[in-house]
Structures are given as structure tokens and as C-alpha cells.
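Hi there,

I'm passing a structure on to you, and you'll find it just below. My notes on what turned up follow after it.

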Amino acid sequence: MEFIRIIPSQNPFLQSYCKVPTKGQPSTLCSKMAKTLSCKIGPSILNADLSQLYNESQKLIDSGADYLHLDVMDGTFVPNLTFGHPVVKCLRNKLPNTVMETHMMVQNPIQWISAMADANVDQYTFHIEPCDDVPLVCRKVKEAGMKVGLAIKPGTPVTSVEEYIDMADMILVMTVEPGFGGQKFMTDMMPKIELLREKYPTMDIEVDGGIGPNNIDVCAKAGANMIVSGTAVILAKNPPKVIKQLKDAVNKHLNKK
């Protein structure tokens, strides 16, 4: 049996993986065990220069990002198109040790599981709203060797995702309507995070949408430990400084819990 992959960056996200994947295979997941929450910052590349995707992604990792948040949209579940598994696979070939989460804003999430597993995606996050059989999709994602993320739109009650909580490695609470970057942050989504954190103290909770230094404190205080930030990081004059600000805010509140 092969054991934990040691990466010089000591990326906290990577520490959840037990086995080194063989060439061409996705990461194998640990069995669930007690864990300590850590802060993880995953910039969204949606507003990056996609003609320079590798260079933009490498710059984010060099700036202190813990993982990359890749927004996959099908033009049906959301009124926008981005990129699919061929682009993700090309990026993986360039960044073999970078943790990648695909945020699947798609109408039929089960359709793309095998393709994203083939692209060596680490976490497959999908929306429960269009999904007829969430447990089946969760099982297929895990069988494919990826972590499971469950996402909810602003209009979806947090109780809708709770029935699947035992199947999830992470819950994503959207603070904008999915589909486009640069939207205004919805503060009224914070009670969802607060409820999840109170009831599931060791669950990774991700927040995505309009997040930057001006509102990170409210997200961190509510209990989010995984932060997706797009425009605030991508368009910053000093991305490492912004990522550090985000991490410092989250760690401040994590250390109080």
C-alpha cells in the first residue's frame, strides 16, 4: 500500500488523501475519520484570462492558493458556458500536484463523473437542485475516486442538503446566483452557514460568490473554512496579499472554535 503523498507546499487540502494515485488514475480517498478543520483558499479562475489558463493558474498557486476552483457550466442549468473536461485534463497535465475542485453547474451531474475522474479531478462538487438521485451521484463520484461536494443555490433551503450530509465531504453555500462572476455578495446566506457549522462542526463548508477582503470576516465568523474568491484575487494588484488576508480572517475564527 502506498501512503500519503508529501508535497513541499504542505497544502492542507492534500492531507485528506491517503494514497498516491497511479499514473492516469484519480486520487484515492481516505476512510472518514475525525478531522481538524483548516482554512483553504480556492480562487475561481472564471474571470482569469482563459487564453493563459496555465500561467494564470500557476500564478494563483504561487500566490498561496490551496486549490483551484474550476467552474464548469453547461448553458442549461445556468445561462452560461465555460469549459469542460478536455480543458481540465490539459490543466491537470501541467499542474500534476495541484488540488482541483470542479464546481459542476450542470443539469445532469452524473453524466460528467467519469470524464472528470479521467481528468484527475480531486473533488467533484455538484448542485442538488437538478439532481433526481443525489445518493446515486454521490456514490458514483466516490467510486470514481473523487471527493463529493454538494452545492446549493441561494434560493435552496439548507435543510434540502442536510438529508445527504453523511454522503458529502463538503457543502458549498452559494452567496450569488451561479452562472456568472463579479456578482454582489448576499449577506443573507450567512444563517445557512451558521446552521451547518453548529450542527456539523467538522464538516468542510465552502462559500462562493462575491467574496473578498471586505466581507471575508462575516463568512469566517459564520463558520466557512473553504473560501472561493474570484474577482477579488484575480484582479488584485497583489494576489498574495489578498489570499493572506482571506486566510488570516478564517484562521482567526477557526482558532476560536
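**Starting with helix α6**

In helix α6 (residues 190-199), the buried residues are M190, K192, I193, L196 and R197. They lie on the same side of α6, because the arc they cover around the axis is only 155°. Among the elements covering these buried residues are β7 (147-152), β8 (170-174), β9 (204-208) and α7 (216-222). Please keep in mind that this is a predicted model.

**The sheet**

Three of those names come back in the sheet. Eight strands form an open sheet in the order β3-β10-β9-β8-β7-β6-β5-β4, and their pairing is parallel. At the edges you'll find β3 (40-43) and β4 (68-73), each of which pairs on one side only. On average, neighbouring strands of this sheet are turned by 20° against each other, direction ignored.

**Helices across the strands**

Helix α9 (residues 239-254) lies across β3 and β10, and runs at about 145° to β3. Helix α4 (residues 134-143) lies across β6 (123-127) and β7, running at about 145° to β7.

**One arginine to look up**

Is R92 buried or exposed? Its relative accessibility is 6%, so R92 counts as buried. R92 sits in helix α2 (residues 85-94). Leaving aside residues up to four places away in sequence, R92 touches N97, T98, M100, A119, N120 and D122.

Enjoy looking around!

Best wishes

Conventions
Residues numbered from 1 in each chain as written. Predicted model: local features only at pLDDT ≥ 70, side-chain atom pairs only at ≥ 80, totals over all residues. Heavy atoms only, no water. Helix = DSSP H or I, 4+ residues; strand = E, 2+ residues; numbered from the N terminus. Buried < 20%, exposed > 50% of the residue type's maximum accessible area, 1.4 Å probe, protein only. Contact = heavy atoms within 4.5 Å. Arc of directions from axis to C-beta. Pairing = 2+ DSSP bridges. Axes fitted to C-alpha atoms, helices over the stretch in contact; angles between N-to-C directions.
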